[in-house]
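Here are some friendly notes to read alongside the model. Keep the structure open and look up each residue as you go.

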Amino acid sequence: MNQVKVSYWLSLLIIVISVSAWAKLPEFTEQALQARLESILLGTPWPGGEISKPICATPILVEFNASREDLTSQSWQKILSPEFHLPRPTGLDSIYDSPSGHFRIHYTTTGTDAVYQSGIDVNPDDGVPDYVNLCGTVLDSSWLVEVNQLGFTPPPSDSFYVLLPGFKNNGGDGKYDVYLDNIANTGTAGYTAPETTQTLGSRRWTSFVVLRNDYSIYGGSFLDLLRATAAHELFHAIQFGLDVYEYEYYPPDTARFPGDTLTPFKLAWLEMSAVWAEEQVYDNINDYQNFLPSFLALPWLSLKTFTYSFQNQYSTGYHPYGSCLWPIFLSERFGTDIIRAIWNKCGQYTGDNIFNDPPGRKSATRDVLDSLGIGFEQTFREFTVWNYFTASRTESGFGYSEGANFGAKIDSFKFYPVANDTIIGTVDSVPHPPQNLGSNYLVFAPNPLDTAGGLYLSFQGIDNATWLGTAVPHTNGSAPTSKSFSYNSQSLSGQSRVYNWKNYDEIIMVLATGNPLPPDDYRYTYHVFHDPNLSGTEAFADAIGDIYPNPFRTSEVSTVNFPILLSGNSFCNIDVFTVGGELVKKIRLDLPPGDNSNPGFAPSWDGKDQNGKLVSSGVYICKIRTKNAAVTKKLAVIR
Ligand SMILES: [Ca+2]
Ligand SMILES: [Ca+2]
Ligand SMILES: [Ca+2]
Ligand SMILES: [Ca+2]
């Protein structure tokens, strides 16, 4: 053993101890954390009498890792090694290296930690229990997909990790260590523990995974639970190798979440993307679908909801798992690479930058979606529309590839039959206004006897949010169309018109908030009525929207878009001038009626002049004309 490294580690321990002498977590927070961790490791009761089944206990280990320099209670010694580290499971006296060589599996065939069917060694007959062979194959499959196929950076090697007194099986051989342990909390299928880092202050941490020695306690397709858990936990190991601090921290809010077993650590992205990873490795297991009720039945909850409440399938503790629909949506809409791109951006900044913009830079999600030219708000809007059309509402060719199999669908908490004399008056509040990154669904069904006219829809934000209104006219048996509300961000109001409502079985008004912060309920009023004039061809004035992205960074995106809404077929002329009045580019197009605003549909420009040369950085004047509209807009080009 290297003497230099030992003294390095000892000096680290001294730092830890000296920090703990003055830093302090709120007492309640520390007690709850300790009780949770003891519940996982020792099987003691979960705090607050909650049902103790965090199926993945990893967030508790992350919370511990983030807090351990602040812990004060001496009773922590019950579960911690003398160095205040979380010890790896002990008593596992055998090892097996997976066929790929990436994993070292620690197990035993005797005592309470004995693996499932420890005496069965047939396939292959190699002196290793077949259950352990299966674990090796399952972990290798997970690595093959997550690292080799999806391209995620593998978890950092722990080969540098030296043997200190009190550590056993520290696995310093560079293989990733997995322990098959009889986890004391029977509700927990596995966990990943961040352990250490090679460089003081680094966000890249090594970790180890604990899987169960035996999943047959769960009955049913319990080997599928082993598979899903292995894929899930390996993804946590990958996450910790990118940024172990990728979570939000904000103080508990007892006023708003009285049922919450409070945690100030919000790790929703960790869980939603790990459930997504399960689906990438084991598409046929569909473990994620078990968690969808907690998301789809409570669409107003923030996408960032994270609690330890697990009373039933609608409990908020399951919400981060059900929120796997967000990464699943992103990867089905844009390709699976997008999740790696987002996680890699998370890894470029220490701490929370998944949805929130850290100082001086864009959030990982916004950054990646901007680079695709669509932006966060429009993407979130599409997500809310996909979420409506699941289970019995699924329409072929639209939305989630497995949406018809979802056992849950969006709870639209207002349903209005509308006749031609109906006005849905202004409502001061709704029972569950959307939280940050949440959504509401109001469904209006035209009376089939009232054939003339259409529906006018509007809303007025009471609270300041990035309101995202979408009107979704839908006929059963057809893919829905959707139309963004026009929106005034100064007055927080928006409106939309749906012509010829007799063509539709329902018109859904989706109202969502696109702002990630602050956590709150965002109230609004809405006003919807039948308008007999909304018949025939939609006679709106052509609308020319804001050029996006603006500024146009030619190093990040290949084109800039000019969104245009047309009442009928029209030419589209775009002339780009320098501020000095010199014409640099002429674009001439014919566009179809309707919404020509999304990437791929909107007129676009590649930033090159008439000679095919990229224009220089600066402000350009764009004159945009259609049959019924003409505007002049500024565009900043940054090379
Ligand atoms: Ca065997
Ligand atoms: Ca190792
Ligand atoms: Ca699947
Ligand atoms: Ca980060």
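1. Start with Leu-457, which stands opposite Ser-496 in β15. Strand β11 (residues 454–461) and strand β15 (residues 493–498) pair in the antiparallel sense over six bridges; two strands count as paired if DSSP finds at least two bridges between them. β11 also pairs in the antiparallel sense with strand β17 (residues 524–531), over eight bridges, and there Phe-459 stands opposite Tyr-526. Helices (H or I, at least four residues) and strands (E, at least two) are DSSP runs, numbered from the N terminus.

2. A word on what you are looking at: this is a predicted model, in which local features need pLDDT of at least 70 and side-chain atom pairs count only at pLDDT 80 or more, while totals for chains, interfaces and linings use all residues. Residues are numbered from 1 along each chain as its sequence is written, and chains are lettered from A and ligands numbered from 1 in the order in which they are written.

3. Next, find the open sheet of five strands, with the order β1-β2-β3-β5-β4 and mixed pairing. Its edge strands are β1 (94–97) and β4, each pairing on one side only. From one strand to the next, the twist averages 25 degrees. (Axes are lines fitted to C-alpha atoms, for helices over the stretch in contact, and angles run from 0 to 180 degrees between N-to-C directions.) Strand β3 (residues 176–181) and β5 pair in the parallel sense over four bridges, and the bridge partner of Leu-180 in β5 is Leu-211. Helix α4 (residues 130–149) packs on this sheet, touching β1, β2 (103–107), β3 and β5, and its direction makes about 150 degrees with that of β2. Residues are in contact if their C-beta atoms, placed from the backbone, lie within 7 Å.

4. Is strand β4 buried or exposed? Five of the five residues of β4 (residues 190–194) are buried, so this strand is largely enclosed by the rest of the structure. Buried means that 20 or more other C-beta atoms lie within 10 Å of a residue's own, exposed means 12 or fewer, and partly exposed is in between, with C-beta atoms placed from the backbone. Both faces are covered, with Gly-190, Thr-192 and Pro-194 on one side and Tyr-191 and Ala-193 on the other. β4 pairs with strand β5 (residues 207–212) in the antiparallel sense over five bridges, and Thr-192 has Val-209 as its bridge partner.

5. Now the largest nonpolar core, which has 131 residues. Such a core is a set of buried Ala, Val, Leu, Ile, Met, Phe, Trp, Tyr and Cys residues joined through C-beta atoms within 7 Å. Val-132, Leu-180, Leu-234, Cys-324 and Ile-507 touch the most other members. Helix α5 (residues 222–243) gives the largest share, 11 residues. A second, separate core of 21 residues includes Ile-544, Phe-562, Leu-565 and Val-637.

6. The buried residues of α9 (residues 325–334) include Trp-326 and Phe-329, and just after α9, Gly-335 takes a positive phi of about 100 degrees. The buried residues of helix α11 (residues 364–371) pack against α10 and α12. Just after α11, Gly-373 takes a positive phi of about 85 degrees.

7. Finally, Gly-397 lies in the loop between α12 (376–388) and β8 (414–418). Gly-397 is exposed, with 7 other C-beta atoms within 10 Å. Gly-397 and Ala-479 are 82 residues apart in sequence and 6.9 Å apart in space, C-alpha to C-alpha.

Key
Contact = placed C-beta atoms within 7 Å.
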